[in-house]
Amino acid sequence: MDAFGPGTDVEMAQDTVFRLTSRNGVEGLQAFQEPIPTPGQYEVLIKARSVSLNYREVAIANSRYPLPVKDNVIPCSDMAGEIVQVGDRVKGFSVGDRVLAALSDQMLYGPFNPAYELYGSNLDGLLQQYVALPAHGIIKLPDTSHTLTQWAALACTGATVWNAFYGGIPLKPGDRVLIQGTGGVSLTALTLGKAAGAVTIITSSSDKKLEYVQSEFGADHTINYKTHPNWEAEVLRITNGEGVDHVIEIGGEATIRQSLEAVAFGGVISLVGFLGPRAEDNMPGLTSTAMLKNCTVRGILGGSKQLLEGAVRFMGRRGLMIPIDRTFGYSRDEIIAALEHVAAGKQIGKPVFEQQSTFETANGKLYAPDGSIGLGYEAYAQTRQYAQSMDRVSGSSID
Ligand SMILES: NC(=O)c1ccc[n+]([C@@H]2O[C@H](COP(=O)([O-])OP(=O)(O)OC[C@H]3O[C@@H](n4cnc5c(N)ncnc54)[C@H](OP(=O)(O)O)[C@@H]3O)[C@@H](O)[C@H]2O)c1
């Protein structure tokens, strides 16, 4: 029986939905009360419990996102929740199932296609309390003790990193992986790469972040790209001149030349981010370097539902956790604070919005908002404490 629908107490309830009414900054975000959607025959209605944030949302709010964005878009693509109503023709899902949305209900397998619509850009996103989605675009989560906040943190960065590691030339145990930065994509790559048996090298602009990432998440080697502007030489030093087998490229045009120097012969550079300034004068010689290195330079645009399923399976079976930077509440002020936090580059890992109160303890155990025992609370608490200390240390920004 539906937990939500005709005849129930909440039948007439309204949904608090956030839309970007302008894209000149995060202040364009406004709350609206809209009717809770009614799922179609092939859809399920999901109570969104946790929604995680990517740099993409900041880029969209500031009109810096390279793909089309619809007017008054509801932001965010990463949502984990519980099914509260099931359409008549839906098979394989039931009320109460814990689910994760793929990045699109159209990008189910294979590469991105410009005809596809993505949640949070040219299709309304998932920053809603209740959302009706086609059942074919959601993933039933395995029965593990991961919280829905943990699962929400996997969606975009998990699909993207799984695409980088396994959508082309696959990562192998013992491969060396260079990961730029300490944000959401980077720490997802660190988590999945380490668990797959890779040797990880991570770069950051901050020694504090590097110390934290090494002690908490086990990065094998760290390089500060501010104090080592020629960081590719450090990579070659660490790897005895051999270079790395995979690069998770975050800086884009600003760093690709150095990544080509750092990659091993036959290696793979996955072009994921576009955070550095444009530097066309850095470009001459790139094609010949790539040719001489026999390397693969591969553009990544998110990842299909099928790729995300691979990441979910790995995280579930190996009990992995994507580092969560901190959790925010579901209100306009908190969402704007989270966007500003990401815009200032303060995060380590993924910021997540939770639609219920924070973790509670009982009988000496910790319970997450979805009622499950909070796996890895210690790491969560330390991360949170660290993020707070960074705020105190840095004031308005960390450089
Ligand atoms: N292609 C795709 O499918 C896809 C999917 C997801 C994200 N992205 C893109 O990937 C990038 C990262 O996304 P995110 O959500 O992980 O962002 P994020 O959480 O904001 O993290 C960004 C991190 O990048 C690092 N960084 C910034 N400039 C850098 C530079 N010049 N060189 C090396 N590292 C640098 C910073 O690390 P430190 O603070 O430690 O220095 C920062 O923490 C963004 O451009 C985003 O749009 C693309």
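This is a predicted model. Mean pLDDT for the protein is 87, with 85% of the residues at 70 or more. One stretch where pLDDT stays under 50 is residues 1-11, and the model gives that stretch eleven contacts beyond four places in sequence. Another is residues 357-399, also below 50, with 59 contacts in the model beyond near neighbours in sequence. Where pLDDT is low, the predicted coordinates should not be read in detail.

Now the ligand. There are 35 residues around it, and those that come nearest are Tyr55, Gly181, Gly183, Ser204 and Gly273. As for secondary structure, two or more shell residues come from each of α1 (55-61), α3 (155-166), α4 (184-195) and β9 (199-204).

Last, α3, one of the elements that give the shell two or more residues. This helix has twelve residues, and from first C-alpha to last it reaches 16 Å, close to the 16 Å expected at 1.5 Å a residue. Is α3 mostly covered or mostly open? Mostly covered, with eleven of the twelve residues buried. Among the buried ones are Cys156, Thr160, Trp162, Asn163 and Phe165.

That is the tour; I will take questions.

Key. Residues are numbered from 1 along each chain as its sequence is written. This is a predicted model: local features need pLDDT of at least 70, side-chain atom pairs count only at pLDDT 80 or more; totals for chains, interfaces and linings use all residues. A residue is near a molecule or strand if its C-beta atom, placed from the backbone, lies within 6 Å of it. Helices (H or I, at least four residues) and strands (E, at least two) are DSSP runs, numbered from the N terminus. pLDDT is the predictor's confidence in each residue, from 0 to 100. Two residues are in contact if their C-beta atoms, placed from the backbone, lie within 7 Å. The expected span of a helix is 1.5 Å times one less than its number of residues. A residue is buried if 20 or more other C-beta atoms lie within 10 Å of its own, exposed if 12 or fewer, and partly exposed in between; C-beta atoms are placed from the backbone.
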